[in-house]
Amino acid sequence: MFTRYKRGYKRYGNNTTKIIWAILIFCLLIMCFCGYKIFVATQEYNQGNNVYEKLAENKSTDKQIDFAALSKINSEIVGWISCAGIGLDYPIVRGGDNNYYLTHLFDGTKNKLGSIFMDYRNNPEFQDKNTVIYGHHMKNGAMFSTLMDYKDQEFLNDHPRIEIDTPNGPLTMKIFSGFIVNTTEFEAKCQFANNVEFMEYINKAIAQSCFETRVNVKPTDKIVTLYTCSYEYDGARFVLMGVI
């Protein structure tokens, strides 16, 4: 192709072709890079899921947890959390801080799935007024992702309890509140100065709940708080609370 340019003609077709090819190659490289990142993420998800599926084999036929066997893999195990029919079935660990298990599986492998873990400030035997347990909200449905379903009243009605097995015996978490907050609105408190402060905390949680229940929490009760990310806005968290 030619264009008029004062004296004679100037050819520009070759330059245009080079630019088009450069753009196509650049786009292809971007697609390859994105595909590689997706492949790596998928492999990591699969690795984490395989680890936890294998750990579930430490359940006996009557669904009792073999804590002796699990403690040989990780001595920081403090319990096992589960709820039939919703895909929640994981060991609970407690580390020396609230950072390590964000990026490490139960067996110590570094992985973005992390672990379900108890707040390091808590008594490992669930003796505090509020035992706080954290877990990721993974987009592949793993870890605490299923807790998002508790934003719906009907789902809560169908699954009002979550089971927590411990080396000292089973606990049942009767859910009484679930709500979305940002990181500055809700303090995951483990201890309270007195029963009045505790009940103020409980009443505030119930007032902002996504659903209603008939579960009553008394000043002498102990509770468990499950804490995970939510994606309504930056910094959103979903909090699910139950009395034990």
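Student: Which residue is the bridge partner of Thr 228 in strand 10?

Tutor: The bridge partner of Thr 228 in strand 10 is Phe 238. Before going further, note that this is a predicted model, in which local features need pLDDT of at least 70 and side-chain atom pairs count only at pLDDT 80 or more, while totals for chains, interfaces and linings use all residues. Residues are numbered from 1 along each chain as its sequence is written, and side-chain values use heavy atoms, with hydrogens and water left out.

Strand 9 (residues 223-229) and strand 10 (residues 236-243) pair in the antiparallel sense over seven bridges; two strands pair if DSSP finds at least two bridges between them, and strands (E, at least two residues) and helices (H or I, at least four) are DSSP runs numbered from the N terminus. Both strands belong to a closed barrel of eight strands that runs 3-4-5-6-9-10-8-7, with mixed pairing. Neighbouring strands of this sheet are turned by 30° against each other on average, direction ignored. Helix 4 packs on the sheet, touching strand 6 (130-134), strand 8, strand 9 and strand 10, and its direction makes about 65° with that of strand 8. Contact here means heavy atoms within 4.5 Å, and the axes are lines fitted to C-alpha atoms, for helices over the stretch in contact, with angles running from 0 to 180 degrees between N-to-C directions.

Ile 223 lies in strand 9 and, at 0% relative accessibility, counts as buried, a term that means under 20% relative accessible area, with exposed over 50% and partly exposed in between (1.4 Å probe, protein chains only). Leaving aside residues up to four places away in sequence, Ile 223 touches a set of residues including Lys 129, Phe 176, Phe 198, Tyr 201, Ile 202 and Met 241. The C-alpha atoms of Ile 223 and Val 132 are separated by 8.7 Å, although these residues are 91 residues apart along the chain.

Two of the residues that Ile 223 touches, Phe 198 and Tyr 201, also belong to one aromatic cluster, together with Phe 117, Tyr 134, Phe 179, Phe 186, Phe 192 and Tyr 227. Rings of Phe, Tyr and Trp (its six-membered ring) pair if their centres lie within 6.5 Å, and planes under 30 degrees apart count as stacked, over 60 as edge-to-face and the rest as tilted. By this rule the count comes to ten aromatic pairs. One of them joins Tyr 52 and Tyr 90 edge-to-face, at 5.3 Å centre to centre and with 85° between the planes. Tyr 52 lies in helix 1 (residues 13-55) and Tyr 90 in strand 4 (residues 88-93), so this pair ties together parts that are 38 residues apart in sequence. Phe 186 and Tyr 201 form a tilted pair, 5.6 Å centre to centre with 35° between the planes; Phe 186 sits in the loop between strand 8 (169-182) and helix 4 (195-207), and Tyr 201 in helix 4, 15 residues apart. Both Phe 186 and Tyr 201 are buried.

Lys 129 lies over the face of Phe 198, at 4.1 Å from the ring centre, and Lys 151 lies over the face of Phe 238, at 5.6 Å from the ring centre.

Conventions: Lys NZ or Arg CZ within 6 Å of the ring centre and 35° of its normal.
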